[in-house]
Amino acid sequence: QDDRAPNTPWNKTIIYETHVRGMTMRHPGVPEHLRGTYLGLASDAVVDHLLGLGVNAVELMPVHQFVADRRLVERGLTNYWGYNSIAFLAPHVGYATGGLGQQVSEFKSMVRTLHRAGLEVILDVVYNHSGEGDQLGPTLSLRGVDNSLYYRLNPDNPRFYMDYSGTGNSLNILHLGLVTDSLRYWVTDMHVDGFRFDLAPVLTRGYEAGHASAFFEIIQQDPVLSKVKLIAEPWDASPDGYQLGRFPPGWAEWNGAFRDCVRRFWRGEPGMVPELASRLSGSSDIYAPSGRRTYASINFVTCHDGFTLTDLVSYDKKYNAANGEDNRDGADVNYSSNWGVEGPTDSVRIQRARDRMKRNLLATLFLSQGVPMLLGGDEIGRSQQGNNNAYCQDNEISWFDWDVGETGWDMYNFVRDLIGVMQANPILRRRAFFTGTAPTGMHTKDVTWIRPDGTEMTDDDWST
């Protein structure tokens with residue numbers, strides 16, 4: 001009852017994506033007994049770091065109770081990211097200091113502390129599949145309760161599952177009570193401020209036309225859920241899984257087109273200027289047709305899935321051997337560049353080029369229309385040693401290294417200043433898209449594109 005949500009408007013929201021354990025395991029300011037926990041994330045040292053940076057929303061990677069895949073355990077690894085839920089109404093016990101029985105109170109304490117600091121809490125939730133795997137997986141929860149009710153079964157052979165998520169099973173989202181009850185619980189009892197839906201297209205995949213939109217309609221009509229922040233990851237593992245721009249009003253989306261365009265432009269690919277203009281101005285080509293506004297676009301350059309910012313400018317290729325899959329996992333196309341040599345280097349020239357490129361990418365992120373999302377650790381130069389799929393690395397590969405020296409804290413100050421510029425200038429936080437024309441009663445267009453020589457761009461400039 002003493003927990004009041006910040007209720008930050010979408011157009012003022014600045015998201016920091018992070019991991020409860022990874023952010024706190026090596027932080028020198030977090031007491032050892034709190035490292036890797038909800039209370040560690042709510043410690044003064046972490047909160048001060050976030051407030052000093054200027055972000056106002058923390059997006060937490062999965063905190064529903066999850067399990068590790070047997071194949072990972074047999075290799076001495078674990079499911080570090082947590083996209084393997086088995087209990088949608090329980091906080092993960094592994095992030096509680098007191099173990100079983102303490103996770104609810106400690107999670108609530110974390111949320112309350114973050115709210116008092118003005119920080120919203122958004123949860124990355126996984127309702128597209130469960131941690132029970134395919135037909136050979138363990139019976140841990142829903143499979144033992146009612147397999148045919150909770151899962152999408154193959155109509156030709158019900159022993160097998162429909163697998164739209166690439167994990168072995170897909171949940172039957174038409175059994176909406178489970179999902180909506182879970183969402184309401186996390187809002188009304190745990191006081192979170194929103195959700196990011198992993199592989200969101202799976203939620204409607206394969207249903208008849210009349211049923212495909214049922215989930216979104218129920219969310220929109222719900223007096224609780226319709227008032228929180230809703231973010232879709234707009235792709236899944238299906239051949240036509242890229243659904244960017246196809247979610248209904250009221251939803252924001254991770255804008256993968258922004259990520260790819262900005263990366264390609266800054267590594268010097270030709271012909272990117274016209275698309276870059278659209279991404280800088282809020283991606284109206286993607287979101288305006290459905291009646292949404294600039295804040296439907298969650299802009300990001302990096303996220304948990306892929307290279308960190310430092311690795312993006314340090315590696316041409318991925319280095320995932322530690323995952324035990326012969327480097328076959330993770331994206332092969334990253335639009336990255338090492339700027340002269342692969343991996344860490346003593347070359348001052350290359351270090352300066354990389355630093356300049358990181359600043360270019362960050363400036364583009366925070367000075368574009370839309371909602372910026374910063375990958376936790378990018379502000380201090382975090383590296384995963386070239387691993388672009390560290391989902392199973394519960395170790396120094398994934399944990400934040402806070403011993404970053406002067407260079408790391410210079411970058412922190414740069415990001416802080418960028419966020420300050422964004423917050424101080426309402427023009428960078430518009431709700432409506434630019435039109436390229438003069439508003440009523442004005443003599444100046446709402447946006448003008450300028451050539452390097454200071455003159456306005458012409459049609460010929462856009463096509464070259």
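This is a predicted model: local features need pLDDT of at least 70, side-chain atom pairs count only at pLDDT 80 or more; totals for chains, interfaces and linings use all residues.
Residues are numbered from 1 along each chain as its sequence is written, and side-chain values use heavy atoms, with hydrogens and water left out. Local features need pLDDT of at least 70 and side-chain atom pairs count only at pLDDT 80 or more, while totals for chains, interfaces and linings use all residues.

**View 1. Arg71 pairs up with Glu325.** Their side chains form a salt bridge (a Lys or Arg side-chain nitrogen within 4 Å of an Asp or Glu carboxyl oxygen), here at 3.8 Å, N to O. The two sit 254 residues apart: Arg71 is in helix α4 (residues 70–74), Glu325 in the loop between α13 (309–312) and α14 (348–366). Helices (H or I, at least four residues) and strands (E, at least two) are DSSP runs numbered from the N terminus. Arg71 is partly exposed at 39% relative accessibility, whereas Glu325 is buried at 18%. For these words, buried is under 20% relative accessible area, exposed is over 50%, and partly exposed is in between (1.4 Å probe, protein chains only).

**View 2. Glu325 also bridges to Arg75.** The closest N and O atoms are 3.7 Å apart. This pair again links distant parts of the chain, 250 residues apart, with Arg75 in the loop between α4 and β4 (85–91). Arg75 is partly exposed, at 35% relative accessible area.

**View 3. Asp417 meets Arg416.** Here the salt bridge comes in at 3.2 Å, N to O. Asp417 is partly exposed at 44%, and so is Arg416 at 35%.

**View 4. A salt-bridge network.** Asp124, Arg196, Asp198 and Glu233 are linked together in it. The whole structure holds 23 salt bridges.
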